[in-house]
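Below is a short report on one model.

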Amino acid sequence: MAERRGPCGIGGFGPAGSTGGARAGSSLATGAEPEARARSFGGPANSRWLRLGAMEELDGEPTVTLIPGVNSSKKQMCFDWGPGEMLVCETSFNKKEKSETVPGCPVIYIIRKDVDVYSQILRKLFNESHGIFVGLQRIEEELTGKSRKAQLVRVSKNYRSVIRACMEEMHQVAIAAKDPACSRQFSSQVSILSAMELIWNLCEILFIEVAPAGPLLLHLLDWVRLHVCEVDNLLADVLGSENPRKHESFWKLVTILVLQGRLDEARQMLSKEADSSPTSAGMCRILGDLMRTMPVLSPGTTQTLTELELKWQHWHEECERHLQDGTFASSPHLESLCKIMLGDEAALLEQKELLNNWYHFLVTRLLYSHPTVKPIDLHFYAQSSLDLFLGGESSPEPLDNILMAAFEFDIHQVIKECSIALSNWWFVAHLTDLLDHCKLLQSHNLYFGSNMREFLLLEYASGLFAHHSLWQLGVDYFDYCPELGRVSLELHIERIPLSTEQKALKVLRICEQRQMTEQVRSICKILAMKAVRNNRLGSALSWSIRAKDAAFATLVSDRFLRDYCERGCFSDLDLIDNLGPAMMLSDRLTFLGKYREFHRLYGEKRFVDAASLLLSLMTSQIAPRSFWMTLLTDALPLLEQKQVIFSAEQTYELMRCLEDLTSGRPVHGEPDAQRLQVGAQSLSTAIEAEKLSKEGGQLLVST
């Protein structure tokens with residue numbers, strides 16, 4: 001049996017051991033057995049789909065995950081889930097001698113759930129497709145009628161172009177890789193991307209374009225030509241030789257061209273044979289005429305399917321007559337080509353090696369046997385073609401099952417099979433979203449409330465949040481999940497590590513745009529705590545104000561006041577001077593702002609205003625008791641001024657405040673008794689002098 005090669009001949013989808021081994025989590029590249037795939041740990045697993053994704057299936061038993069290097073029979077293991085990964089570690093330390101105090105370090109294994117987000121090339125796939133996805137959601141309201149279908153097809157092609165661009169870049173990296181292991185890994189990823197585009201393209205033809213009989217076959221021919229493209233390299237090789245007709249691959253090339261329905265190019269090759277071989281010139285001309293006259297439904301033609309079928313039947317009878325008359329009997333190559341054009345199954349199966357795969361065999365068989373096949377009949381021909389091509393020698397692979405589900409127009413099964421086989425949620429999430437916009441998934445709601453589109457988008461977005469920068473893309477996917485997106489975003493955004501202030505500002509902006517009040521407050525608190533630990537009081541105060549956290553603003557204000565007492569000056573004056581309405585967040589913050597205003601007034605020599613503000617800070621009870629002595633001390637320069645600053649009533653208020661301070665027991669933060677006594681004596685003397693200086697000697701009352 002010939003080896004089954006993948007699209008474009010890159011990598012492979014054959015049995016284990018063929019080219020392009022898969023990485024963990026994907027079965028499209030290797031054709032691994034289902035049990036082996038279930039044990040891999042890279043992406044969507046069968047049990048997970050059964051548990052969360054299927055509407056009609058019950059919960060399944062979780063599959064066993066084998067982690068390389070972990071032996072639980074020798075070491076006791078424990079594990080813990082992170083945002084996008086699982087940590088597995090040994091809980092038993094190596095036994096050391098008692099004299100050694102340093103314990104042995106256990107091994108920690110990190111198992112990532114969505115490893116594809118860490119690929120540099122695949123990150124381009126995620127970034128580019130994000131823009132297409134958001135654009136589709138925004139134009140949804142504008143899509144109507146025929147323009148809607150055309151727009152959706154255009155979106156689908158954009159997705160495919162992104163896949164192909166990543167595939168080509170990955171292929172170049174695989175070629176340039178010096179390490180054989182890396183080269184194999186990249187080649188495997190190329191195979192997976194190629195399979196993804198193959199599936200997407202078929203879904204585009206069947207579900208989005210909804211091609212009717214006639215044009216359907218033309219689309220399928222383009223599908224095969226795009227994805228089985230070795231012939232282009234072979235064509236260039238043959239035509240580039242000195243004598244193409246004598247090239248060892250000449251007849252192989254002509255046969256492949258006929259198998260792909262590229263009859264014009266096949267005729268040109270036959271003309272070279274006719275020019276160089278007089279004995280076969282007549283046969284080449286006859287076969288070339290048959291190729292030229294084969295009826296094909298051209299795009300935009302007014303020809304009906306009935307007319308096409310009549311013409312095709314007449315052409316088919318003419319080919320059969322030439323074969324029965326022995327027109328090509330003297331040339332086995334030409335006779336084989338004629339049998340292929342008659343749709344002879346035996347002749348087609350003889351070309352297994354050139355057909356590569358069963359779906360190429362299917363399209364060639366339809367071209368030469370059922371050119372007006374209807375979409376509803378596709379699955380019959382697809383199943384028989386698969387059975388004929390495999391011949392019982394091997395069982396269908398994951399890719400075969402996905403394509404067969406598409407030919408059966410079972411969208412639900414296509415999505416399910418892709419979820420099991422692929423190593424990440426990108427493909428199923430975006431394809432399902434597009435099909436949902438085509439109004440094809442309304443009947444596939446899930447039993448727990450969400451629909452299939454939303455479930456897959458949530459899973460994909462969750463995987464993006466495991467990456468240090470791609471999480472920003474995940475936000476938009478959550479935004480377009482109307483039922484559970486908001487809750488999911490809130491849960492995930494709280495788990496983003498705020499490693500830098502720049503990243504924190506991004507997260508904060510996202511939360512503020514969505515009125516996520518609790519998350520804004522939480523982030524601001526975290527940043528305020530970090531700033532306090534780093535003694536950046538201005539930043540801490542700013543974050544506490546933004547969080548509207550009165551308790552923390554009070555704490556930071558106290559730190560400002562303590563620093564002022566120790567250093568004799570304020571830091572971050574610009575911030576304190578421009579508190580504005582935020583000053584009202586807490587009494588302590590109000591006091592801080594007003595106390596700073598007192599210093600500004602004093603500096604501007606507005607002593608009367610400064611004295612009035614200072615006294616109001618003491619009498620309004622918003623000043624902390626531990627700071628009263630500082631306020632009374634600040635009154636000394638005002639009392640010692642030549643002109644009278646305090647009125648009689650204000651002077652009495654100062655005296656009362658001084659008595660309250662000296663008569664009470666010192667509290668935490670106040671100066672000790674000796675310092676308090678010295679300060680009180682100085683203040684008392686100053687206030688006495690102030691009283692004696694009042695006009696008319698009205699204040700001769702002893703203190």
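What percentage of the 703 residues of the chain count as buried? The figure is 50%. Buried means under 20% relative accessible area, exposed means over 50%, and partly exposed lies in between (1.4 Å probe, protein chains only).

This is a predicted model: local features need pLDDT of at least 70, side-chain atom pairs count only at pLDDT 80 or more, and totals for chains, interfaces and linings use all residues. Residues are numbered from 1 along each chain as its sequence is written, and side-chain values use heavy atoms, with hydrogens and water left out.

**Overall layout**

The chain has 32 helices and 3 strands. Helices (H or I, at least four residues) and strands (E, at least two) are DSSP runs, numbered from the N terminus. Contact means heavy atoms within 4.5 Å. Among contacts in the chain with a separation of 6 or more, 64% come from residues 24 or more positions apart.

**Aromatic pairs**

Rings of Phe, Tyr and Trp (its six-membered ring) pair if their centres lie within 6.5 Å. Planes under 30 degrees apart count as stacked, over 60 as edge-to-face, and the rest as tilted. By this rule there are 19 aromatic pairs. One of them joins Y159 and W426, edge-to-face, at 6.4 Å centre to centre with 80° between the planes. This pair links distant parts of the chain: Y159 sits in helix α4 (residues 145–176) and W426 in helix α19 (residues 426–437), 267 residues apart. Y159 is buried, because its relative accessible area is 0%. W426 also has 0% relative accessibility, so W426 counts as buried.

W425 and F455 make another pair. Their ring centres are 6.2 Å apart and their planes stand at 85°, so this pair is edge-to-face. W425 lies in the loop between α18 (411–421) and α19, and F455 in helix α20 (residues 452–464), so the pair ties together parts 30 residues apart in sequence. W425 and F455 are both buried.

One aromatic cluster is formed by F126, F133, Y460, Y477 and Y480. A charge sits over a ring if NZ of Lys or CZ of Arg is within 6 Å of the ring centre and within 35 degrees of the ring normal. K352 lies over the face of F389, 5.3 Å from the ring centre.

**A helix crossing**

Two packed helices are described by the angle between their axes and the distance between the axes. Axes are lines fitted to C-alpha atoms, for helices over the stretch in contact, and angles run from 0 to 180 degrees between N-to-C directions. Helix α6 (residues 215–227) and helix α15 (residues 358–369) have axes that come within 10 Å and cross at roughly 145°. The crossing of α6 with α15 is left-handed, meaning that the near helix is turned anticlockwise from the far one by less than a right angle. From α6, the contact uses L217, L220, L221, W223 and V224. From α15, it uses Y359, H360, V363, L366 and L367. These residues divide into 9 nonpolar, 1 polar and no charged. Here Ala, Val, Leu, Ile, Met, Phe, Trp, Tyr, Cys and Pro count as nonpolar, Asp, Glu, Lys and Arg as charged, and the others, Gly among them, as polar.

**Positive phi**

Most residues other than glycine have a negative phi. V210 has a positive phi of about 50°. V210 lies in the loop between α5 (180–208) and α6. N356 has a phi near 75°, and its place is the loop between α14 (352–355) and α15.

**Burial of selected residues**

| Residue | Relative accessible area | Class |
|---|---|---|
| V210 | 48% | partly exposed |
| N356 | 3% | buried |
| Q137 | 12% | buried |
| V162 | 11% | buried |
| R562 | 47% | partly exposed |

Q137 lies in helix α3 (residues 120–139). Leaving aside neighbours within four places in sequence, Q137 is in contact with D433, H437, R453 and Y480.

V162 is in helix α4. With neighbours within four places again left aside, V162 is in contact with L125, E128, S129 and I132. V162 and S129 are 33 residues apart along the chain, and their C-alpha atoms are separated by 7.0 Å.

R562 belongs to helix α26 (residues 550–567). R562 and S626 are 64 residues apart in sequence and 9.9 Å apart in space, C-alpha to C-alpha.
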